[in-house]
Amino acid sequence: MTDFQSSPPRIAPWDRFVRQVPAWYTDAKLGIFVHWGAYSVPAWAEPVGQLGEVDEAAWFRHCAYAEWYGNTIRLDGSPAQRHHRETYRGAPYDDFLDMWQAQAFDAEEMVGLFRRAGARYVIPTTKHHDGIALWDAPGTGTRNTVRRGPKRDLVAEFERAARKAGMRFGVYYSGGLDWHVSDFPPHDTQRSVFEDRPNDATYAAYAYRHVRDLVDRYRPDLLWNDIDWPDAGKHDGPDGLAGLFSHYYERVPEGVVNDRWGETHWDFRTSEYQSGTENESAGVWENTRGIGLSFGYNQAEDATVSLDGPGLIRHLLDTVSRGGNLLINVGPDAAGRVPELQRRTLEYLADWMDTGAPAVFGTTPLGQDLARPGDDPWVRWTRAGHLAHAVIDARGTVAIGADVDAFDLSSARLSDGTPVEVAAVAGRLEVRLPEPTAVGPAVVELRLRDAR
């Protein structure tokens with residue numbers, strides 16, 4: 001059951017939307033974010049570190065997010081501004097829209113990779129902070145991918161491919177920021193992001209029409225907004241956010257929305273890299289991050305700042321074992337290809353899912369009164385009914401912390417059915433792992449003696 005007590009209470013008119021979060025979302029565990037836009041042409045940012053670990057005073061001027069290129073190049077003296085002048089002679093940002101051709105993009109092939117990796121939902125960007133729409137959005141004129149650049153409805157292509165693959169489909173929309181329709185100075189602090197954003201009624205109606213159009217055209221299973229919602233639109237009247245939520249739930253009764261609409265309504269909370277981790281104590285939550293340090297493709301990243309296959313599996317299981325979903329991001333290049341470094345990581349995850357999936361999907365956390373996570377050896381626990389899963393990234397014989405009386409030790413086996421020797425030694429479980437026959441951490445299943 002969803003624990004609404006762990007989230008701040010909602011007030012009218014938002015309280016009427018509080019409900020049980022659909023099981024498909026809480027069972028899904030893994031989604032794929034896709035950040036793809038005109039920023040994928042320059043594809044450049046400084047790989048300085050994870051959001052939440054870099055000092056705010058340095059973050060915006062040395063932003064690790066390639067999708068923020070349009071902001072970072074406006075900050076005088078920033079390395080991105082120097083790069084832009086040296087590489088593109090300071091060309092207008094919109095030149096990248098025309099340079100973005102998406103000539104190698106095959107939505108079915110890309111989504112097929114996501115499905116093999118175990119993802120149950122996919123969320124492409126439909127409009128990022130640069131204001132460029134990936135569909136023929138109302139009011140955007142020619143500043144969208146149907147009229148310029150790729151000259152394709154990229155949102156529709158993702159939607160059709162996701163549905164064909166049996167996946168849920170969601171949309172990301174930047175409701176809080178739009179650098180094209182607003183005339184604000186570049187953001188150089190977190191304060192400036194939330195205070196210097198378009199909050200007027202005209203922009204609120206513009207964003208409302210966009211999201212309503214996305215709902216009516218594509219029936220997305222998830223609405224993933226970013227950077228708040230314009231204040232002038234937070235009402236229950238015409239073009240208001242409350243009406244938008246009502247319309248969405250009428251059209252998509254099992255749809256879910258995230259928590260980045262201001263303090264209004266949400267179905268699940270979010271954290272991003274190491275930022276917002278306090279939201280990970282909510283009843284339903286989702287962590288999002290890139291395989292590297294950026295969401296948009298960044299040519300300056302390499303393997304030293306990216307998750308490899310084992311690293312992604314550990315991050316996924318750490319998230320799931322604590323009750324969250326993981327929304328891992330892929331940033332295609334301008335042609336529409338998944339970069340090789342990211343592809344290798346996803347292919348590794350796909351191979352591990354052949355045997356590891358039972359420890360992920362449809363599971364809940366196993367209480368620490370029964371078993372404890374550890375980093376030496378690395379182990380995380382999940383449960384499905386009376387079955388506990390110990391995901392162990394080690395080899396040979398290992399000792400892990402657990403209530404030894406809680407488990408039927410004779411039931412221990414790998415997820416492929418191979419028996420595993422487990423004994424109670426000095427108040428711990430001593431597990432003798434067989435030689436690995438698959439990549440990644442071993443998944444040991446043990447039957448719980450009761451329903452605690």
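Figure 1. Tyr273 counts as buried because its relative accessibility is 2%, and the cut-off for buried is under 20%. This view, like the others, shows a predicted model. Tyr273 sits in the loop between strand S6 and strand S7 (285–290). Its phi is near 50°, a positive value in a residue other than glycine. Most residues other than glycine have a negative phi.

**Figure 2. Ala426, an exposed loop residue with a positive phi.** The loop between strand S15 (421–425) and strand S16 (428–432) holds Ala426. Phi of Ala426 is near 55°, and this residue too is not a glycine. Is Ala426 buried or exposed? Ala426 has 78% relative accessibility, so it counts as exposed; the cut-off for exposed is over 50%.

Figure 3. Most peptide bonds are trans. The bond that joins Ala12 and Pro13 is cis, with omega at about 5°. Pro13 belongs to the segment before helix H1 (23–28). A cis bond also runs from Asp376 to Pro377, where omega is near 0°. Pro377 lies in the loop between strand S10 (374–375) and strand S11 (378–384).

Figure 4. Side chains of opposite charge can pair when their charged atoms come close. Here the side chains of Arg191 and Glu195 form a salt bridge, with 2.9 Å from N to O. Both residues lie in helix H8 (residues 190–195), where they are four residues apart, about one turn of the helix. Arg191 is partly exposed at 44% relative accessibility, and Glu195 is exposed, with a relative accessible area of 51%. Ser192 is also in helix H8. With a relative accessible area of 1%, Ser192 is buried. What does the side chain of Ser192 reach? It reaches the backbone nitrogen of Asp188, at 3.1 Å.

**Figure 5. The salt bridge between Arg152 and Glu157.** The side chains of these two residues, Arg152 and Glu157, meet at 2.8 Å, N to O. Arg152 is partly exposed, at 24% relative accessibility. Glu157 is buried, and its relative accessible area is 16%.

Figure 6. The side chains of Lys234 and Asp231 meet in a salt bridge of 3.0 Å, N to O. Lys234 is partly exposed, with 25% relative accessibility. Asp231 is partly exposed as well, at 39%. Salt bridges that share partners link Glu159, Arg163, Arg168, Asp221 and Glu254 into one network. In the whole structure, a search finds 32 salt bridges.

**Figure 7. The largest pocket and its lining.** Rolling a probe the size of a water molecule over the atoms shows where empty space is left. The largest pocket has a volume of about 820 Å³. It is lined by 35 residues, and those closest to its centre are Gln190, Phe194, Arg260, Glu272 and Ser275. Helix H2 (56–59), helix H8 and strand S6 (269–272) each supply at least two residues of this lining. Which element gives the most to the lining? That is S6, with four residues. Sorted by class, the lining has 14 nonpolar, eleven polar and ten charged residues.

Figure 8. The structure has two cavities of 30 Å³ or more.

**Figure 9. The whole protein, for orientation.** The protein contains twelve helices and 17 strands. Its C-alpha atoms fill a box of roughly 65 × 50 × 45 Å along the principal axes. For 452 residues, a compact globule would have a radius of gyration near 22 Å, and the 23 Å of this protein agrees with that. Of the 452 residues, 59% are buried.

How values were computed. Residues numbered from 1 in each chain as written. Predicted model: local features only at pLDDT ≥ 70, side-chain atom pairs only at ≥ 80, totals over all residues. Heavy atoms only, no water. Salt bridge = Lys/Arg side-chain N within 4 Å of Asp/Glu carboxyl O. Buried < 20%, exposed > 50% of the residue type's maximum accessible area, 1.4 Å probe, protein only. Polar contact = N/O pair within 3.5 Å; in protein donor to acceptor, adjacent residues only side chain to side chain. 1 Å grid on protein atoms, 1.4 Å probe; cavity = no way out; pocket = protein on both sides within 12 Å on 5 of 7 lines; lining within 4 Å. Points joined across faces, edges and corners; volume = space filled by probe spheres on them. Nonpolar A, V, L, I, M, F, W, Y, C, P; charged D, E, K, R; others polar. Rg over C-alpha atoms; globule rule 2.2 N^0.38 Å.
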